[in-house]
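Good morning, and thank you for coming. I would like to take a few minutes to walk through one structure, beginning with a single residue and ending with a chain interface.

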Amino acid sequence: MLLAVTAVVFIALVLLSMPIVFALGIAGVVGLVLGGFPLQMLPSSLVAGSQNWVLLAIPSFVFAGTLMERCGMSHALVDLARALVGWLRGGLGMSVIVVSYFFSDICGSKMAEVSALGSTLMPPLRRAGYRPEDGASLIASGTAMGMLVPPAIFMIVIGDVTNTSVVALFLAGFIPAAVIGLCLCALVFVQARLLGWPKDTRPSWRFLLSAAREALVPMVVPVVILGGFYMGAFTATEAGAVVAFYSVCAARFYYRNVSWREMITIAYDSALLSAAVVFLLAVATVFQYLMGVSGAPAFLAEILKPLSGSHWLFLTGVALMTMLFGMVLEGLPAAVVLIPVVFPIATKLGINPVHFDIVQTAAVGIGLFLPPLGVGLLMALRFAQIPVSQHAKAYWPYVLALLLGLMLIICIPELSLFLPRKAGLVR
Amino acid sequence: MAVTGWRRALAALPRFVLAAILLVAILDMLAGVLLRYVVVAITDYFDWPTVSFFWVEEVGEFALCWLTLIGAAVAILERTHFALAVLTHRLPLRAQRIVERINHLLIAGFGLLAAVYGWKLSVLNSTLVSPGLEINLALLYFSTVVGGGLIALDGLGVALGLLHPRDVVRPEAAA
């Protein structure tokens, strides 16, 4: 009853165009009052949700991405990608998917990743003639797929919650991410023909070499981050700061095209966008509390009982719930609220924990980018500067491609288990 | 003229603060990497007393908390918060304005609640200190008083027609 009233208030306010974060907050306050909970939960949740070391990666990656775009670094990367595959129909779109895969390898936070990719890739996509909704769809679906590419923070959390080897999860993610990536590339191939996306002329070797040389400065970024991660030198958060520092040095001493005053403006814009995202996550923690105390987890466990007849049906049901949780509550709260409830049922059914975790990771990734509320999607749309309603028509084929990839991962457990098995981490 | 200048400077203050907090957070994280991998190596090599860097995480988290709560208020006027345009844009212009004012009145109420209960929480935590820098924890919770207060002021300003979203002064314009 408590949750139902809260949900009705939330939906009503969202329909009246109140900013989603305040609709969540006001509905949360209504829930606290109706439930007789102390209203001190509100400031307490705001502080607990925003006082987060991991989320600190967001402002620095937004700042670095915006600065890299401003001084022309991203142009060099996109030029190289276009020189390599742009001459194919839909080649730039495919290069976004490939870039997302490799960028996920260097950035553990989805929000930071969508910030970096959105600010870096959206302007070149627009310049190349892609509609804003197509650009946002490519970045959103690519980043959703990248959830499975290690080192994802969500994998560390779910590994901890289900007591599963994080190294096994990291290894397990590579092939499923590639499977979803292939589904998306196939869609881009078809879309390019249907929508007549532009095709570049085949570049000369001289142009290709020149593009590679220009891309050397931005290519230092993934090399530094990968090296830092593999040597254990810094976390994703610190990597954001290192990249921000590198981008400031490159802008001032190599490109020499951004003034200090412009940097202050970029810092302000980055801070504002980051604040909007982190505030949303912080306000969502009030909902977590309400769900926890109203017995929602036990209720969900009861709902899932009829699905326990077959593995794929159970995993599909749980994945759908995780997607909805991920869309409303963001990925990490979904892991903390839902996964501990359903994981014991999964192990009782004989589902491999690594397979279960990979399916849930993929589902959370898709949920984060599911319209109309997925925070990742909303952030990608901020870079495209279009509303959800305008974007939805162009986005549904991408959602279907993501779901097709998810079903393949659910129905073929070996996609997740092959690499960990080879490494001796799974029997 | 002078009054207008003051008003512009006052309006630009939260924006300067936001840019400054972001830069402090980035420098803090860089300092953490430097301390852990350069300074510690040097002190280990010369067998000097170890340099503590527990404060790095604390400063970063405090900075993000303040940035989020002040930014959430400024974002009301900048229209940075995510919103769905499902029904209201189909209403007559007058009705749209009324809905927007009611929405901002509710937002002001939310900010006021955050500020009032944030103040109580600050008082409650004023006897505790952070483990690294031993800063009074009231300083952390006071961010909800400032952020909530600014949200209430901005929300009320828009609801009463005194402030208009996107009618803002950028840092470089006020400099």
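Predicted model: local features only at pLDDT ≥ 70, side-chain atom pairs only at ≥ 80, totals over all residues.

A:D134 counts as buried, at 1% relative accessibility; here buried means under 20% relative accessible area, exposed over 50%, and partly exposed in between, with a 1.4 Å probe and protein chains only. Residues are numbered from 1 along each chain as its sequence is written, chains are lettered from A and ligands numbered from 1 in the order in which they are written, and side-chain values use heavy atoms, with hydrogens and water left out.

Which residue does A:D134 meet in a salt bridge? The partner is A:R131, at 2.9 Å from N to O; a salt bridge is a side-chain nitrogen of Lys or Arg within 4 Å of a carboxyl oxygen of Asp or Glu. A:R131 is partly exposed, at 39% relative accessibility. Together with A:E133, A:R131 and A:D134 form a network of salt bridges.

Elsewhere in chain A, A:R421 and A:E414 form a salt bridge, with their closest N and O atoms 2.4 Å apart. A:R421 is partly exposed at 33%, and A:E414 is partly exposed at 35%.

In chain B, the side chains of B:R79 and B:E100 meet in a salt bridge at 2.9 Å, N to O. B:R79 lies in the loop between α2 and α3 of chain B and B:E100 in helix α3, so the pair ties together parts that are 21 residues apart in sequence. Helices here are DSSP runs of H or I with at least four residues, numbered from the N terminus. Over all chains, the search finds four salt bridges.

How many salt bridges cross the interface of chain B and chain A? The rule finds zero. The contact, meaning heavy atoms within 4.5 Å, takes 59 residues from chain B and 63 residues from chain A. On the side of chain B that touches chain A, the elements giving two or more residues are α1 (2-46), α2 (55-78), α3 (93-124), α4 (138-159) and α5 (171-174). The largest share, 15 residues, comes from α2(B).

Finally, confidence: chain A averages a pLDDT of 82, and 88% of the residues score at least 70, pLDDT being the predictor's confidence in each residue, from 0 to 100.
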